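Reader: Hi! Could you walk me through this one? I'd like to chat about the ligand site and some helix packing.

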Amino acid sequence: MTKKIILSGIRPSGKLHLGNYWGALSRWLELQNNSAYQCYFMVADLHALTTGYDRTADLRSNTEEMVLDWLAAGLDPAKSVLFRQSDVAEHAELSLLLSMITPLGWLERIPTYKEQLRELAEREITTHGFLGYPVLQAADILVYKADAVPVGEDQLSHLELCQEVARRFNRLYGPVFSEPKALLGETPKVPGLDARKMSKSYGNSVELSDSPEILQKKVSQMYTDPKKIRANDHGHPEGCVVFALHKIYNPEYVAREAECREGRIGCVACKKHLLSLMDPALRPFRERRAALEGDRGAVWKVLEEGNAKARQAARRTLDEVKRAMGLA
Ligand code: TRP
């Protein structure tokens, strides 16, 4: 049986937080451990450049920290190909070739493009590279002829663009690509400490590798129902960060919801209980990470081996692409 090819990537922003874990990594682990799939997982460092070309000093250490987290969480180089995008030149090469057939209008209408231009208005990102972000992403996916791409909903428009570009390529040059599907899983929502979306840039994240002391401090800071002041006040778990995490870490969260609503537990006790569930859940991760941190060279060795495997697969596609386009 030939395995289905999976590809996904994360931009290297350093240590991963619980939002990254539940939004992406936990799904990657499931796919990796399902023998029906061959997974490629990528450090999307070229994509990091599209919005951060002027702040590259931490790119290397951010890559290292992220891959340490991957390995500590259980991504296994013996099962999955773990690699760095910029080390596999075929991504850039295919991206250039695909850019020839991608109309500007397709890129300009992508919602994330317009949104980011607005949100990152203080940065000078009206660049060719930023507009071409989804073309590069299409190249990431098509260069491995991936069958499926685990992504969050925010990435769906990029996947649609990828499918359109694949179709257009096939129409122009013959059938080289099939259309990759989005794998939209049910991932739990993980709010940040202040109830906004968990994000490094908001300073509201819980890192996977936080020490027990830091975790305790962060749990104690979590936003709860502001109307619940005394322990026996009736609470509103919707919108409460502590409850959102009970939903993930407490198998009996349904009972907790009722207790909160009926004013049978206070927020301090509820937080204490959450900490007693989260701390042991994160401990094995912390321990594996501490062991891996001792040998950072090992991270780069893992990536080098992954790069070599990725290159091999990518080169095959590129040879085919160049033949189809009349370049070989
Ligand atoms: N754009 C993705 C994100 O910001 C990261 C990414 C880059 C990616 N290339 C990819 C995801 C290819 C899936 C497939 O999350």
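This is a predicted model: local features need pLDDT of at least 70, side-chain atom pairs count only at pLDDT 80 or more; totals for chains, interfaces and linings use all residues.

Reader: Good to know. Which residues come nearest to the ligand?

Author: Of the 14 residues around the ligand, the nearest are Arg-11, Tyr-133, Gln-137, Asp-140 and Gln-155.

Reader: And which polar side-chain atoms lie by a nitrogen atom of the ligand?

Author: Asp-140 has a polar side-chain atom 2.7 Å from a ligand nitrogen, and Gln-155 has one 2.9 Å from a ligand nitrogen.

Reader: What about an oxygen atom of the ligand?

Author: There you can look at Arg-11: a polar atom of its side chain sits 3.0 Å from a ligand oxygen.

Reader: How much of the ligand's accessible area does the protein cover?

Author: On its own the ligand has 370 Å² of accessible area, and the protein covers 91% of that.

Reader: Nice. Which element gives the largest share of the shell?

Author: That's H8, with 4 residues. Helix H8 spans 133-142, and both H8 and strand E1 (4-10) supply at least two shell residues each.

Reader: How does the shell split by class?

Author: The shell around the ligand has 7 nonpolar, 5 polar and 2 charged residues.

Reader: Let's stay with H8 but switch to packing. At what angle do H2 and H8 cross?

Author: Roughly 180°, with the axes of H8 and helix H2 (residues 45-52) coming within 10 Å. Angles over 145 degrees count as roughly antiparallel, so H2 is roughly antiparallel to H8.

Reader: Which residues make that contact?

Author: From H2 you have Leu-46, His-47 and Thr-50, and from H8 there are Tyr-133, Leu-136, Gln-137 and Asp-140. By class, the H2 contact with H8 comes to 3 nonpolar, 3 polar and 1 charged.

Reader: Changing topic: how do H3 and H14 cross?

Author: Helix H3 (residues 59-73) and helix H14 (residues 297-324) have axes that come within 10 Å and cross at roughly 85°. The range 65 to 115 degrees counts as roughly perpendicular, so that is how H3 and H14 are arranged relative to each other.

Reader: And which residues meet there?

Author: On the H3 side, Arg-60, Thr-63, Glu-64, Val-67, Leu-68 and Leu-71 meet Val-299, Trp-300, Val-302 and Leu-303 of H14. The residues of the H3 contact with H14 divide into 7 nonpolar, 1 polar and 2 charged.

Reader: Great, thanks!

Terms used:
Residues are numbered from 1 along each chain as its sequence is written. Side-chain values use heavy atoms; hydrogens and water are left out. Axes are lines fitted to C-alpha atoms, for helices over the stretch in contact, and angles run from 0 to 180 degrees between N-to-C directions. Angles under 35 degrees count as roughly parallel, over 145 as roughly antiparallel, 65 to 115 as roughly perpendicular and the rest as oblique. Contact means heavy atoms within 4.5 Å. Ala, Val, Leu, Ile, Met, Phe, Trp, Tyr, Cys and Pro count as nonpolar, Asp, Glu, Lys and Arg as charged, and the others, Gly among them, as polar. A residue is near a molecule or strand if one of its heavy atoms lies within 4 Å of it. A polar contact is a pair of N or O atoms within 3.5 Å; within protein, one must be able to donate a hydrogen and the other to accept it, and residues adjacent in sequence count only if both atoms are side-chain atoms. Accessible areas come from the Shrake-Rupley method with a 1.4 Å probe; for residues, only the protein chains shown count as cover.
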